[in-house]
Amino acid sequence: MAYVTWQLTRRDWETQPSQEGSKRSTLITIKKEGVSPALIVQSRAFSKQDAVRLGDGITDPSSLRFDWLAITTYVRSDAPVCFLLNRIDVMERMKRDPMGPLYWVDPPRYIDPQFKDRWDQIGPV
């Protein structure tokens with residue numbers, strides 16, 4: 001979450017932990033002059049390339065708790081890599097766990113040059 005917050009503040013976004021989550025939430029509320037309304041970013045960080053758990057009951061983009069998903073890989077290295085997907089991107093790439101109700105986005109579905117470090121594209125979807 002620190003890496004994502006740092007990248008966003010470098011681009012003039014105001015960041016704060018979202019009030020929508022629990023104590024251990026990885027949701028960040030971001031605001032920027034000229035951008036309305038405030039956006040929610042879900043930050044997930046991994047030491048390698050891992051699948052991202054989205055939760056259950058996801059039926060359409062509005063059922064996601066975020067506007068953007070920031071997946072940071074290799075966070076313990078000197079060169080973390082971040083992939084940024086908006087709600088539509090996530091809905092197109094998520095899959096349901098065949099053994100249960102959870103939804104996931106696997107690395108082959110998010111590791112794509114079009115999503116890598118697209119910080120300047122963050123905005124309303």
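**Entry 1: the sheet**

I began with β4 and β8, which run antiparallel and are joined by four bridges. For the bookkeeping, helices (H or I, at least four residues) and strands (E, at least two) are DSSP runs, numbered from the N terminus. The model is predicted, so I note that local features need pLDDT of at least 70 and side-chain atom pairs count only at pLDDT 80 or more, while totals for chains, interfaces and linings use all residues. Residues are numbered from 1 along each chain as its sequence is written, and side-chain values use heavy atoms, with hydrogens and water left out.

I then traced the open sheet of three strands and read its order as β4-β8-β7, with antiparallel pairing. β4 and β7 are at the edges with a single partner strand each, so one side of each has no neighbour in the sheet. I took two strands as paired if DSSP finds at least two bridges between them.

**Entry 2: the nonpolar cores**

Which residues touch the most other members of the largest nonpolar core? I found L54, F66 and V90, in a core of 19 residues. At least two residues of this core come from each of β4, β5, β6 and β8. β6 gives the largest share, three residues. A nonpolar core here is a set of buried Ala, Val, Leu, Ile, Met, Phe, Trp, Tyr and Cys residues joined through side-chain atoms within 4.5 Å. Buried means under 20% relative accessible area, exposed over 50%, and partly exposed in between (1.4 Å probe, protein chains only).

I listed the contacts of F66 (heavy atoms within 4.5 Å). Leaving aside neighbours within four places in sequence, F66 touches L27, I40, V41, Q42, L54, R87 and V90. A second, separate core has 13 residues, among them W13, I28, I30 and C82.

**Entry 3: salt bridges**

How many salt bridges does a search of the whole structure find? The search gives six. The criterion is a side-chain nitrogen of Lys or Arg within 4 Å of a carboxyl oxygen of Asp or Glu. I went through three of these pairs, starting with D67 and R87.

D67 and R87 meet through their side chains at 3.5 Å, N to O. D67 is in the loop between β4 (52-56) and β5, and R87 is in helix α2 (residues 87-93), 20 residues apart. D67 is buried at 16% relative accessible area, whereas R87 is partly exposed at 21%. R87 had already come up among the contacts of F66.

D106 and K95 form a salt bridge at 2.6 Å, N to O. D106 is in the loop between β8 (102-105) and α3, K95 is in strand β7 (residues 95-96), and the two are 11 residues apart. D106 is buried at 16%, and K95 is partly exposed at 34%.

D120 pairs with R11, with 3.4 Å between the closest N and O atoms. D120 is in the segment after α3 (107-110) and R11 in the loop between α1 (2-10) and β1 (14-17), 109 residues apart. Is D120 buried or exposed? D120 counts as exposed, at 69% relative accessibility, and R11 is partly exposed at 21%.

**Entry 4: P80**

Last, I located P80 in the loop between β5 (68-73) and β6 (81-86). Its contacts, leaving aside neighbours within four places in sequence, are Y3, T72, T73, Y74 and V75. I also checked P80 against K48: the two are 32 residues apart along the chain, and their C-alpha atoms are separated by 9.6 Å.
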